[in-house]
Amino acid sequence: MSPSLLDGRFILLLFVVCCSRFLWPAKCYIILGALVSLALIALASPMTAAVIFALTVFFIYPIHRATVWLSSRGAPRTAKGLLLTFGIGVLVCLFCWSKIARQTGIHPFLHNWSLAGVIGLSYFLFRAIDFLHIQAITKVDERSPAALVYYGLFPSTLTSGPIQKFLDFKQQISAPAPLTRALVLAASYRITRGYFRKIVLASTINHFVEKSLGTEHFNFFKSGLTIALLYVYFYFDFAGYSDIAIGFGSLLGVKVPENFRKPFLATTVSEFWRNWHITLVDWFRDHVFIPLGGMQVSRLRAAGLAFLIMVLCGLWHGVSLPFMAWGVWHGSVLFMEGVSGLKPVPPPKRSGLKYWWRVASTNALVAFGSIFFLPHDGDILRILKGFITLW
Amino acid sequence: MVNLLNRLGIRLDPGCWVFFKWSVMAAAIFWALVYAESRESENLPNFVYVNF
């Protein structure tokens, strides 16, 4: 069994956990939620449960308590800042190490222990960094590690997000939504829609993409059609996953944030990124873009920051040349938009030929980037070559 | 779709419409799973964003 939302046994166990919430006393919701999540993930992937639990209880929680202690003693801000910088620095190093280890198969320092066995590590690290970073901005005093363990191991969002902010999660679990008939119906609709998008739509489109990639010759139209199919495939695959995660999350009493908001209707690529994988983009905005200056700096520097974030985003997908190229492609488009001051079409003007032209050109620019997600470099080159072949 | 039905003069209760969509999706998933099961060589690929 794996903690995947496509694994039948895991889904069944998760469903049983959701249904058992009827029996959870409201006072013990957080502790029971943490214990049940730990048991569920430990059954599915013992290493994932062990690593996330150990990092949360023996590293993130002590740093948090030490920060609170320093604040209560009136210690200088630099001491608290240094501690948080140390904590976030260690998590970032772990993140980079796991990425490089996964890509190269080399595991420095721990030769017989592979981080590849930890499912959803990068999403956990995103959440952990969010938790540590918010303490530099707002007062957080989390006395029990149970809420943190539940946050780190929340089963519906463990493998691929959406990346929920700690304060939002804490607010949700402090007063979890009761399991009413309306909530169960809405959640089951959302879960069904998610599986429909994944099992029926994404799988069918994937079948056509594979068929297309299986042919020898590519021309302009075939290359265009292939990347359009790939683009739509990624949408249904990931939006389907997000639907399932949101559905199971609400059955557990937590309103998980949305990851998609009609991205195909965006009129600029920056607007597209505000509506596609929203929680990841929000994370980069809160923890990279704003600390480095955000919109308070010159237009050129803000555009440069957007470029940097997209390259980082590309490297997050994988430390390889195609993903780097994906980041540079999106970063360059965002940079050009930022420097030229191109704005999205305002809602009252969202009709007519000009509007649909903007929608189509934005989608074409984004869809082009999809080819860098193909696993074989040869396929990428064949499709690119197809664009300069008319017939 | 709802707009199209409204233009044709067919007015569906929102609950009815959701139930209809839910049934169609559930039936399609069931069919796809049975179809996939009948062709054992074709495994359902995992989510693209899993384990990034």
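Let me begin with a term: by contact I mean heavy atoms within 4.5 Å of one another. With that in hand, A:Ser242, which is found in helix 9 of chain A, is in contact with A:Asn259 and A:Phe260 once its neighbours within four places in sequence are left aside. Helices here are DSSP runs of H or I with at least four residues, numbered from the N terminus.

Before going further, please keep in mind that this is a predicted model, in which local features need pLDDT of at least 70 and side-chain atom pairs count only at pLDDT 80 or more, while totals for chains, interfaces and linings use all residues. Residues are numbered from 1 along each chain as its sequence is written, chains are lettered from A in the order in which they are written, and side-chain values use heavy atoms, with hydrogens and water left out.

Back to A:Ser242, which counts as buried because its relative accessibility is 3%, where buried means under 20% relative accessible area, exposed over 50%, and partly exposed in between, using a 1.4 Å probe and protein chains only.

Helix 9, at residues 220-251, also takes part in pairings with helix 8, at residues 181-213. I will call a pair a salt bridge when a side-chain nitrogen of Lys or Arg is within 4 Å of a carboxyl oxygen of Asp or Glu, and over all chains the structure holds 13 of them. One of these joins the side chains of A:Asp243 and A:Arg197, at 2.9 Å from N to O. That pair links distant parts of the chain, since A:Asp243 is in helix 9 and A:Arg197 in helix 8, 46 residues apart. Both A:Asp243 and A:Arg197 are buried.

Another salt bridge is formed by A:Asp237 and A:Lys198, whose closest N and O atoms are 2.7 Å apart. Here too distant parts of the chain are linked, with A:Asp237 in helix 9 and A:Lys198 in helix 8, 39 residues apart. A:Asp237 and A:Lys198 are both buried. There is also a network, in which salt bridges that share partners join A:Arg190, A:Arg193, A:Arg197, A:Asp243 and A:Glu258.

For a pair in another setting, consider A:Asp141 and A:Arg143, whose side chains meet in a salt bridge at 3.3 Å, N to O. A:Asp141 is partly exposed, with a relative accessible area of 38%, whereas A:Arg143 counts as exposed at 62%.

Turning to the other helices, helix 4 of chain A, residues 77-104, has 28 residues and reaches 40 Å from its first C-alpha to its last, close to the 40 Å expected, the expected span being 1.5 Å times one less than the number of residues. Its buried residues include A:Leu84, A:Gly87, A:Ile88, A:Leu91 and A:Trp97, and what covers the buried residues of helix 4 includes helix 3, helix 5 and helix 12 of chain A. Among the buried residues of helix 12 are A:Ala302, A:Leu305, A:Ile309, A:Cys313 and A:Trp316, and their cover includes helix 4, helix 5, helix 10, helix 11 and helix 13 of chain A.

Now for some backbone details. Most residues other than glycine have a negative phi, and most peptide bonds are trans. The peptide bond from A:Gly161 to A:Pro162, however, is cis, with omega near 0 degrees, and A:Pro162 is found in the loop between helix 6 and helix 7 of chain A. A:Lys262, in the loop between helix 9 and helix 10, has a positive phi near 45 degrees and is exposed, with a relative accessible area of 66%. A:His277 likewise has a positive phi, of about 45 degrees, but A:His277 is buried, at 1% relative accessible area.

Finally, the interface: 18 residues of chain B are in contact with 34 residues of chain A. How many salt bridges does the rule find across the interface of chain B and chain A? The rule finds zero there.

Terms used. Helices (H or I, at least four residues) and strands (E, at least two) are DSSP runs, numbered from the N terminus.
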